[in-house]
Amino acid sequence: MGSPAPLIDHTLLKPTATAAGIAALCEEAVEFGFAAVCVPPFFVRQASDRVYGSPVRVATVVGFPLGYDLPVVKRFQTEQALAAGADEIDMVINLAAASEGNLSLVQEDIAAVVAAAGTVPVKVIIECCLFDDPGKRALADTAVRAGAAFVKTSTGFAASGAKVEDVRLLAETAAGRAGVKAAGGIRD
């Protein structure tokens, strides 16, 4: 088996992230051949400049970490991130709407970001630890129907991150219609 590096998004989303930390993250990503760096929107331009000329992509977050922004705000955030050089968008669903079972609002929210992103892949963060299995299935299916390129397990800021069972459930639900990203708490 080859290196898993081309499957990894090297991430620094701590509220204490600094320009120096982002520079180091980008250097490591290029050195080890990671798929992408995932950085706060404030650092997208810097990251884009730092990885320029390498195959490393720049991802950023929209509606992070709770997803409470209105769809129009997430759309604007996406447009700004793309203008700054983002190659991928990781969005958090509206967790309040999802918790209430308002899948039409969740779908509208995702569709607004997907429309703004155009051909840029959108990874939809479900925050699996907050939902039961039927809820995770419904949310993953909603994300796929709204045009998500990937469904993602976690922000890494909730009570728990990626679990093997959740990755399996999301993969079964996506059924090849979208990819699955395991995220949150993965250290090895």
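Select isoleucine 110 first. Beyond its neighbours within four places in sequence, isoleucine 110 is in contact with Met91, Ile93, Val124, Ala143 and Ala146. The model on the screen is a predicted one.

Now widen the selection to the nonpolar core. The largest nonpolar core has 50 residues, and those with the most contacts inside it are Val37, Val39 and Ile110. Which helix gives the most to this core? It is helix 5, residues 103–117, with five residues. In soluble globular proteins, nonpolar side chains tend to be buried together.

Seven strands form an open sheet, and their order is 1-2-3-4-5-6-7, with parallel pairing. Strand 1 (9–11) and strand 7 (179–181) stand at the edges; each has a single partner strand, so one side of each is left without a neighbour in the sheet. On average, neighbouring strands of this sheet are turned by 25° against each other, direction ignored.

Select strand 3 (residues 57–62) and strand 4 (residues 88–92) together. These two strands run parallel and are joined by four bridges. Within this pairing, alanine 59 stands opposite glutamate 88 in strand 4.

Stay on strand 3 and select threonine 60, which lies in that strand. Is threonine 60 buried or exposed? Its relative accessibility is 0%, so threonine 60 counts as buried. Leaving aside neighbours within four places in sequence, the contacts of threonine 60 include Cys38, Val39, Pro40 and Pro41, as well as Glu88, Ile89 and Asp90.

Helix 1 lies across strand 1 and strand 2 (36–39), and runs at about 165° to strand 2.

**Salt bridges**

Side chains of opposite charge can pair when their charged atoms come close. The structure holds 13 salt bridges.

Select arginine 50 and glutamate 27, whose side chains meet in a salt bridge at 2.3 Å, N to O. This pair links distant parts of the chain: arginine 50 is in helix 2 (residues 44–51) and glutamate 27 is in helix 1, 23 residues apart. Arginine 50 is partly exposed, with a relative accessible area of 39%. Glutamate 27 is also partly exposed, at 46%.

Move to aspartate 90 and lysine 123, whose side chains form a salt bridge of 3.0 Å, N to O. Aspartate 90 lies in strand 4 and lysine 123 in strand 5 (residues 122–125), so the pair ties together parts that are 33 residues apart in sequence. Aspartate 90 is buried, with a relative accessible area of 0%. Lysine 123 is buried as well, with a value of 2%.

Select aspartate 166 and lysine 136 next; a salt bridge of 2.6 Å, N to O, joins their side chains. Here aspartate 166 belongs to helix 7 and lysine 136 to helix 6 (residues 133–145), and the two residues are 30 apart in a pair that links distant parts of the chain. Aspartate 166 counts as buried at 6% relative accessibility, and lysine 136 counts as buried at 7%.

To finish this stop, select Asp9, Arg57, Glu88, Asp90, Lys123, Lys152 and Lys181 together. Salt bridges that share partners join these seven positions, Asp9, Arg57, Glu88, Asp90, Lys123, Lys152 and Lys181, into one network.

**Aromatic pairs**

The last stop concerns the aromatic rings. A pair of aromatic rings is described by the distance of the centres and the angle of the planes. How many aromatic pairs does a search of the whole structure find? It finds three.

One of them joins phenylalanine 32 and phenylalanine 34 in a tilted arrangement, at 6.1 Å centre to centre and with 45° between the planes. Phenylalanine 34 is buried, with a relative accessible area of 15%.

Another is formed by phenylalanine 64 and phenylalanine 157, which are edge-to-face: 5.1 Å centre to centre, with 90° between the planes. This pair links distant parts of the chain, 93 residues apart: phenylalanine 64 sits in the loop between strand 3 and helix 3 (71–84), and phenylalanine 157 in the loop between strand 6 (150–152) and helix 7 (164–174). Phenylalanine 64 counts as partly exposed at 23% relative accessibility, and phenylalanine 157 is partly exposed at 43%.

How values were computed: Residues numbered from 1 in each chain as written. Predicted model: local features only at pLDDT ≥ 70, side-chain atom pairs only at ≥ 80, totals over all residues. Heavy atoms only, no water. Pairing = 2+ DSSP bridges. Axes fitted to C-alpha atoms, helices over the stretch in contact; angles between N-to-C directions. Contact = heavy atoms within 4.5 Å. Phe/Tyr/Trp six-rings, centres within 6.5 Å; stacked < 30°, edge-to-face > 60°. Buried < 20%, exposed > 50% of the residue type's maximum accessible area, 1.4 Å probe, protein only. Core = buried A, V, L, I, M, F, W, Y, C linked by side-chain atoms within 4.5 Å. Salt bridge = Lys/Arg side-chain N within 4 Å of Asp/Glu carboxyl O.
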